[in-house]
Amino acid sequence: MRFKEPLIATAGQFVMVWVPGVDEFPMSVSYTGDRCGITYQIIGEGTKALAYKKPGEKIGLRGPYGKGFSIRGKKLLFVGGGVGMAPLAPLVEMAAAKGASVDLVLGAKTRGDLLFESRSAVAGARVHLSTDDGSIGFKGLATELAQIVVGKQSYDCMYACGPEKMLAKLLTIATEKGIPMQASLERIIKCGIGICDSCAIDGKHVCRDGPVFSEGDLRRFTELGKSKLDAAGRKIPI
Ligand SMILES: Cc1cc2nc3c(=O)[nH]c(=O)nc-3n(C[C@H](O)[C@H](O)[C@H](O)COP(=O)(O)OP(=O)(O)OC[C@H]3O[C@@H](n4cnc5c(N)ncnc54)[C@H](O)[C@@H]3O)c2cc1C
C-alpha cells in the first residue's frame, strides 16, 4: 500500500497504522521517501479491514518509530522470511546503491509467498530462493540455505527479519561464523513509544530500543524464539 505523503525513515523503522473504528497496529516501512509504503499480510481483523480500503479513503499513520538497520561493511548477507522481507527490501536497495556486495536468502512457504524477489534482483542482489514445499529454489528452510551460503564466503554483517525461530537459528549460525548480525523482532506493540510495556523483551522495549537489535542484545534475550507476551500481557510460547 503506497501513500502520496513522503516519509523519511530508516529501513527497519515502523509506523503505527490506524484503521478507524477497527485497530491500530505496527507495520514496517517497506518504501521510504516520496511515496512511502507498507507491505502487509492479511492476518486478522485489522489487516483485513486495511485490505478493503480504496484509494482516497482515510487511514492514520504515526511514526516513523524505533531503531532501524545500519549498514556495516561491504559484504552483506540478508535473510528474509515471508513478510519479513518488508523492512529488508529498502535496505537491500540502499546497500546495493552504496556499492556493497549483497546476497539475499529469500525464503517462504511456497513460491507464491516470496516477496520482493525481482525488486531485490533489480537492485543488484544475488538472490537465493528457498521454499518449504520446494515449489521453487532450495527445498527447505531459509536457515538451511543460509547455512550453505555462509559456508561459501565470508560476510561483514547479516541482516534478518522473519519468524523468531528462524532468527534464533540464524543467531547461532552468525555466532559460529563470527558474523555480526542485526535482526528485526516482532512483539505486540500498542503505544509505539516505550510507555505501555506490551512489547517488552528481557527488559527492553521492541518499539523504542528496537525493533532492530544487534547480536549483543539478541544473545542476551532469554525469550528469543521461546516466548512472548500476548495482547493481555500473558507470557506465551512462540
Ligand atoms: C515492528 C513490527 C513491524 C511489523 N511489520 C509488518 C509488516 O511489514 N507487514 C506485516 O504484514 N506485518 C507486520 N507486522 C505484524 C503486524 O503488526 C501484525 O500481523 C498485525 O498487527 C496483525 O493485525 P490483525 O488485526 O490483522 O490481526 P489480529 O487478529 O489482531 O492479530 C493476529 C496476530 O498478529 C499479531 N498482532 C496483533 N496486533 C498486534 C500489534 N498491535 N502489534 C504487533 N503484533 C500484533 C499478534 O501476533 C496476533 O496474534 C509487524 C509487527 C511489528 C512488531
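1. Helices here are DSSP runs of H or I with at least four residues, strands are DSSP runs of E with at least two, and both are numbered from the N terminus. With that in hand, have a look at Phe116, which lies in the loop between β5 (101–108) and α3 (117–123). Phe116 is not a glycine, yet its phi is positive, at about 60 degrees. Is Phe116 buried or exposed? Phe116 counts as buried because it has 23 C-beta neighbours inside 10 Å. (Buried means that 20 or more other C-beta atoms lie within 10 Å of the residue's own, exposed means 12 or fewer, partly exposed is in between, and the C-beta atoms are placed from the backbone.)

2. Before going on, a word about what you're looking at. This is a predicted model, where local features need pLDDT of at least 70 and side-chain atom pairs count only at pLDDT 80 or more, while totals for chains, interfaces and linings use all residues. Residues are numbered from 1 along each chain as its sequence is written.

3. Now for the sheet. It is an open one of seven strands with mixed pairing, in the order β7-β6-β5-β4-β8-β9-β12.

4. Six of its seven residues are buried, so β4 is largely enclosed by the rest of the structure. The chain goes from β4 through α2 to β5, a right-handed β-α-β crossover. (Right-handed means that, with the strands pointing away from the viewer, the path from the first strand over the helix to the second runs clockwise.) β4 pairs with β5 in the parallel sense over seven bridges, and it is also joined to β8 by five bridges, again parallel. Phe78 makes a handy landmark: it stands opposite Leu104 in β5 and opposite Tyr159 in β8.

5. Moving along, β8 (residues 157–161) and β9 are parallel partners over four bridges. The chain gets from β8 to β9 through helix α5 (residues 164–177), in a β-α-β crossover that is right-handed. On its other pairing, β9 runs antiparallel to β12 (residues 212–214), with three bridges between them. Ala183 can guide your eye here, as it stands opposite Ala160 and opposite Phe213 in β12.

6. Side chains in a regular strand alternate between the two faces of the sheet. Check strand β9 (residues 181–184) with this in mind: Met181 and Ala183 are on one side, Gln182 and Ser184 are on the other, and all of them are buried.

7. What about the inside? The largest nonpolar core has 68 residues, and Val92, Met158 and Leu170 touch the most other members. (Such a core is a set of buried Ala, Val, Leu, Ile, Met, Phe, Trp, Tyr and Cys residues joined through C-beta atoms within 7 Å.) Helix α2 (residues 85–97) gives the largest share of this core, seven residues. Leaving out neighbours within four places in sequence, Met158 is in contact (C-beta atoms, placed from the backbone, within 7 Å) with Leu77, Val79, Leu170, Ala174, Ile179 and Met181.

8. Then there's the ligand. How many residues surround the ligand? There are 23, and the closest are Phe25, Gly44, Gly46, Thr47 and Ala86. (A residue counts as near if its C-beta atom, placed from the backbone, lies within 6 Å.) β2 (23–28) and α1 (45–51) are the elements that give two or more residues to the shell, and β2 has the largest share, with five.

9. Two cis peptide bonds deserve a look. One runs from Gly63 to Pro64, with omega near 5 degrees, and Pro64 sits in strand β3 (residues 60–65). Another runs from Gly210 to Pro211, with omega near 10 degrees, and Pro211 is in the loop between β11 (204–205) and β12.

10. Last, compare two loop residues. Asp202, in the loop between β10 (200–201) and β11, has a positive phi near 45 degrees. Asp202 counts as exposed, with 10 C-beta neighbours inside 10 Å. Gly137, in the loop between β6 (126–131) and β7 (138–139), is buried, with 20 other C-beta atoms within 10 Å.

Key: Pairing = 2+ DSSP bridges. Contact = placed C-beta atoms within 7 Å.
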